[in-house]
Amino acid sequence: MNNATIAKVGFIGLGDQGLPIAIAIMEAGFDLHVWARRQHSLKPLSDTPCVTHDSVASLASAVDTVILCVSTDDVVHQLLREDLLPNLRTGATVINHGTGSPGKARQLHRLGQASGVSVIDAPVSGGRPGAESRKLTMFVGGSHGSVDSATPVLQACANNIVRLGGPGTGQMAKLLNNTLLALNQAAIADVLELATLIGLSPGTLMEALRLGSADSRALQLLNTMVTPDTVDHLASVEALDMEIFKDAMSEEHIDADAMTDRALSGARHLPDVMERLT
């Protein structure tokens, strides 16, 4: 890999998915710089050659690219406006791996553009297992030039990098991806309810469906990524994503209320599905 154009990479957001992404970047040969709001988040990196910073400003002034893997658009906006843009060099790049609003992504792009900084929306799919195996899928929105220059660092943890178009298109694609997953989960919940009424074993039926034409990613995730230990958290995250999707459709003046309600049903019934399968 040619890492000459992006030698120093800053990373903020060392959570469940962010930590393995950061490790993948470091192991790919990049000079990794990190900052964390909570000191204990840095412990898994204590025996690695990464550089830790005591402030976001310090990190920003030391790197060529900053990757954000934080929870909300508001946190991204605050970091960008208050700490990153005043300290990043002209020509630097900010990559946002969080799922958020397409409209907010366009705002972040314009904010960065005014300071000579490229802001790319690159939400990811694959969860922690995908990050650990370096097999994430990234839905990317940004100019051709900024995406091309960022591709080497994106390739450190992703085997599928798809540029959808300009700023915000990556976020829109990720929201549509999440909506389709939740819609499939709603259908699975309906089928399992029917199976129970008929007297079929839900677990045996799921194994059979995975071998037939009804197989889907939503089926494959059950009892792999979606487990009794993770289901409540994943269901709440999916429900939040559906609210973001609803707002995004409203911004585009598209009535997607029926689809949103159906997708929310899939998210809310996911714990019920797992209960039937255990």
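**Terms and their grounds**

Modeller: Start with helix 7, residues 169-198. It has 30 residues and reaches 44 Å from its first C-alpha to its last. Bear in mind that this is a predicted model.

Colleague: What makes 44 Å the expected reach of helix 7?

Modeller: The expected span is 1.5 Å times one less than the number of residues. Helix 7 has 30 residues, and 44 Å is expected at 1.5 Å a residue. The model's reach is close to that.

Colleague: Which residue follows helix 7?

Modeller: Gly-199 does, and its phi is positive, near 105°.

Colleague: How do you know whether His-33 is buried or exposed?

Modeller: Its relative accessible area is 6%. Buried means under 20%, so His-33 is buried. His-33 is found in strand 2, residues 31-35. Beyond its neighbours within four places in sequence, its contacts include Phe-11, Val-51, His-53 and Leu-59.

Colleague: What makes the pairing of His-33 with Asp-31 a polar contact?

Modeller: The two side chains come to 3.4 Å. The cut-off for a pair of N or O atoms is within 3.5 Å. The pair of His-33 and Asp-31 meets it.

Colleague: Why is Arg-210 called buried?

Modeller: Arg-210 has a relative accessible area of 15%. That is under 20%, so the word applies. Arg-210 is found in helix 8, residues 202-210. A polar atom of its side chain lies 3.0 Å from the backbone oxygen of Leu-219. Not counting residues up to four places away in sequence, Arg-210 touches Asp-215, Leu-219, Gln-220 and Leu-222.

Colleague: Why is Asp-272 called partly exposed?

Modeller: Asp-272 has a relative accessible area of 38%. Buried is under 20% and exposed is over 50%. The value falls in between, so Asp-272 is partly exposed. Asp-272 lies in helix 12, residues 270-277.

Colleague: How far is Asp-272 from Met-242?

Modeller: Their C-alpha atoms are separated by 19 Å, and the two are 30 residues apart along the chain.

Note on methods
Residues numbered from 1 in each chain as written. Predicted model: local features only at pLDDT ≥ 70, side-chain atom pairs only at ≥ 80, totals over all residues. Heavy atoms only, no water. Helix = DSSP H or I, 4+ residues; strand = E, 2+ residues; numbered from the N terminus. Buried < 20%, exposed > 50% of the residue type's maximum accessible area, 1.4 Å probe, protein only. Polar contact = N/O pair within 3.5 Å; in protein donor to acceptor, adjacent residues only side chain to side chain. Contact = heavy atoms within 4.5 Å.
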